[in-house]
Amino acid sequence: KMASTAAGKQRIPKVAKVKNKAPAEVQITAEQLLREAKERELELLPPPPQQKITDVEELNDYKLRKRKTFEDNIRKNRTVISNWIKYAQWEESLKEIQRARSIYERALDVDYRNVTLWLKYAEMEMKNRQVNHARNIWDRAITTLPRVNQFWYKYTYMEEMLGNVAGSRQVFERWMEWQPEEQAWHSYINFELRYKEVDRARTIYERYILSTPLVIVHPDVKNWIKYARFEEKHSYFAHARKVYERAVEFFGEEHMDEHLYVAFAKFEENQKEFERVRVIYKYALDRIPKQDAQNLFKNYTIFEKKFGDRRGIEDIIVSKRRFQYEEEVKANPHNYDAWFDYLRLVESDADAETVREVYERAIANIPPIQEKRHWKRYIYLWINYALYEELEAKASKRTRQVYQACLELIPHKKFTFAKMWLLYAQFEIRQKNLPLARRALGTSIGKCPKNKLFKGYIELELQLREFDRCRKLYEKFLEFAPENCTSWIKFAELETILGDIDRARAIYELAIGQPRLDMPEVLWKSYIDFEIEQEEYERTRNLYRRLLQRTQHVKVWISFAQFELSAGKEESLSRCRQIYEEANKAMRNCEEKEERVMLLESWRGFEEEFGTDATKERIDKLMPEKIKKRRKLQAEDGSDAGWEEYYDYIFPEDTANQPNLKLLAMAKLWKKQQQESEAAEVDPDKDIDESQS
């Protein structure tokens, strides 16, 4: 019973009751705790006190504590090599070399693949002049890790610094048995050269080039070139030439490299063997693909510029570029830009037959699609061919054949080239064969009429002063394109020049009567200018009235008013003012308010120059008021796109806008009163200061 009661008492723990469960006034967040911890990290701790050791017992006690610390660190994590190195370096600083060795050996038992550990161990022995120990460590290192080149470099450097050339050579030999990378072989060669052992260096080159599997499996030209330059540097020119010849034989024709032949040629050039240089370059150029022989071409060109004649240099350059163009046109026969460059090259150097052959090859590549955009570059091949035959070869018969063949080739039912017809006609005129030129142009107009052909034919007949032919051509032209205002104007100008005013006026009347025109405003302006030149002012007024029946454009009204002003008669001012009045009335219902403003601006300029005070005041009253408004914008899908501000004009004459004008005036008056009342209010503190003062 007593046990049960005791257990019951243990099961009911005593909990402190919190009387005030409200949140604290100052809340501390996790972020604040972290920030305070970070800030306290930056607080500088006081430096440890300096300890001065005065006797042996204190020194031994200090050593014991430090060793215990290092051993504890090693025991915690044996794989951290930096702890071992620090421990060993500390022992080394106390001149406890034996203890430091022991630590390094223990560390090597843990991780013998760590390169830094071996290096620090050996450096310690060398620093303390323990040469045999250092040799022992280097031997163990290169035996354990033979592919770490740093061990070999350090070992050979140590032996060389000790003056043990034979020992260093022996280490190099052991290293070469592992067939290392190229730099190791070159280090061995440079080592021998430092001691003037040229024969030994040659032997190493032979071993490197001929017995290294790396070079045999992956032939590298630069090693042969280095070998040959080594022989050349030491004045063994026959040996150097033999090395180059062996390299050419070794690589054969399957693995030819331009760098080898460039180096071989430069060697022979230095030996003044210029014929041998040419033989080497030509041999290489005949066998190496041209895309892989750019450097070879360049060096051959430089050589010929130095030691060859001009013809040889030009042949090299032309053959190189000709090969490039041949490759381009072979890859894409329809690359007409490449053909143009190729033809420009052969025209500058080759004979006429070669040029004609290249032209024939070029024009044989007809565009596969009968669309004009694909023929635009191609047609210039024919044009250049014809110009070459006419100007360079002086063969007029062949030129005519070229033009005729080209015109037969073009599919005139789908499209044509007016340029080609006109060039052919001009060629025949230069040959003083006018009937053939007219026949060609007539055929072109019959087969495929174009504006450019008509204009060119008419220009030809004008130069020949054949005005009747020009009239017939203009008639044909206007039957073909009655909407072309420029043609009507040119036809009328021709009749005006010839003095036939009635025919010119009739042509203008026919022109403005056409149902469809491309530039009617230009035609009307030309007709009006024509009547003004003839001083037919009544006809001009009638023309303006007829034009205003078709369009109420503001520029027509302004031009009409300026015409009346420039008529030079007494009633010109009243007529001009009347035109402005009519224009203002006509444009009251115009939606484009900017045009009406433009008219009023022009009217005001007229009144300022020629009007009275009353007319000036009247026009000032007609001027609109510019106000800023907002309107709602809608996107393409119908959704709201916001608001846009724009300027609108309110004209005093528009009675519909009078209520709005009154409202606007009242709003402006209210705003002005508000500003005045705000300005009248005075700061009370300021009034007190003023009264005190």
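Surface patches are built here from residues with over 30% relative accessible area and no salt bridge, with nonpolar side chains joined within 5 Å. In this predicted model, Val26, Ile28 and Leu33 make up one such nonpolar patch, with an area of about 330 Å². Leu33 belongs to helix 2, which spans residues 30-41.

Turning to the aromatic residues, the structure contains 20 aromatic pairs. One of them joins Trp152 and Trp175 in a stacked arrangement, with 5.8 Å from centre to centre and 5 degrees between the planes. Because Trp152 lies in helix 8 (residues 149-161) and Trp175 in helix 9 (residues 165-176), this pair ties together parts that are 23 residues apart in sequence. Trp152 is buried, at a relative accessible area of 1%, and Trp175 is likewise buried, at 1%. The rings of Tyr244 and Phe264 are also stacked, since their centres are 5.0 Å apart and their planes lie at 10 degrees. Here too the pair links distant parts of the chain, with Tyr244 in helix 14 (residues 237-251) and Phe264 in helix 15 (residues 258-270), 20 residues apart. Tyr244 has a relative accessible area of 2% and is buried; Phe264, at 7%, is buried as well.

Ring pairs also build a cluster, whose members are Trp152, Tyr153, Phe172, Trp175, Tyr188, Phe191 and Tyr195. Two of these names return in helix 10 (residues 182-194), where Tyr188 and Phe191 are among the buried residues. Helix 10 has 13 residues and reaches 18 Å from its first C-alpha to its last, close to the 18 Å expected at 1.5 Å a residue. After the helix comes Lys196, with a positive phi near 60 degrees. A ring meets a charge elsewhere in the model: the charged end of Lys372 sits over the ring of Phe417, 5.1 Å from its centre.

What of the charged pairs? Side chains of opposite charge can pair when their charged atoms come close. The count comes to 25 salt bridges. Arg356 and Glu389 form one of them, at 2.8 Å from N to O. This pair links distant parts of the chain, as Arg356 is in helix 20 (residues 352-363) and Glu389 in helix 22 (residues 378-392), 33 residues apart. With a cut-off of under 20% relative accessible area for burial, Arg356 counts as buried because its value is 13%, and Glu389 is buried at 0%. Both residues take part in a network of salt bridges that also includes Glu353 and Arg398.

Arg373 and Glu371 meet at 3.1 Å, N to O.

His334 is found between helix 18 (310-331) and helix 19 (336-349), and is partly exposed at 36% relative accessibility. His334 and Ile366 are 32 residues apart in sequence, with their C-alpha atoms 7.9 Å apart in space.

Conventions: Residues numbered from 1 in each chain as written. Predicted model: local features only at pLDDT ≥ 70, side-chain atom pairs only at ≥ 80, totals over all residues. Heavy atoms only, no water. Patch = residues over 30% accessible without salt bridge, like charges linked within 9 Å, V, L, I, M, F, W, Y side chains within 5 Å. Areas by Shrake-Rupley, 256 points an atom, 1.4 Å probe, with all protein chains shown as cover. Salt bridge = Lys/Arg side-chain N within 4 Å of Asp/Glu carboxyl O. Helix = DSSP H or I, 4+ residues; strand = E, 2+ residues; numbered from the N terminus. Phe/Tyr/Trp six-rings, centres within 6.5 Å; stacked < 30°, edge-to-face > 60°. Buried < 20%, exposed > 50% of the residue type's maximum accessible area, 1.4 Å probe, protein only. Lys NZ or Arg CZ within 6 Å of the ring centre and 35° of its normal. Expected span 1.5 Å × (residues − 1).
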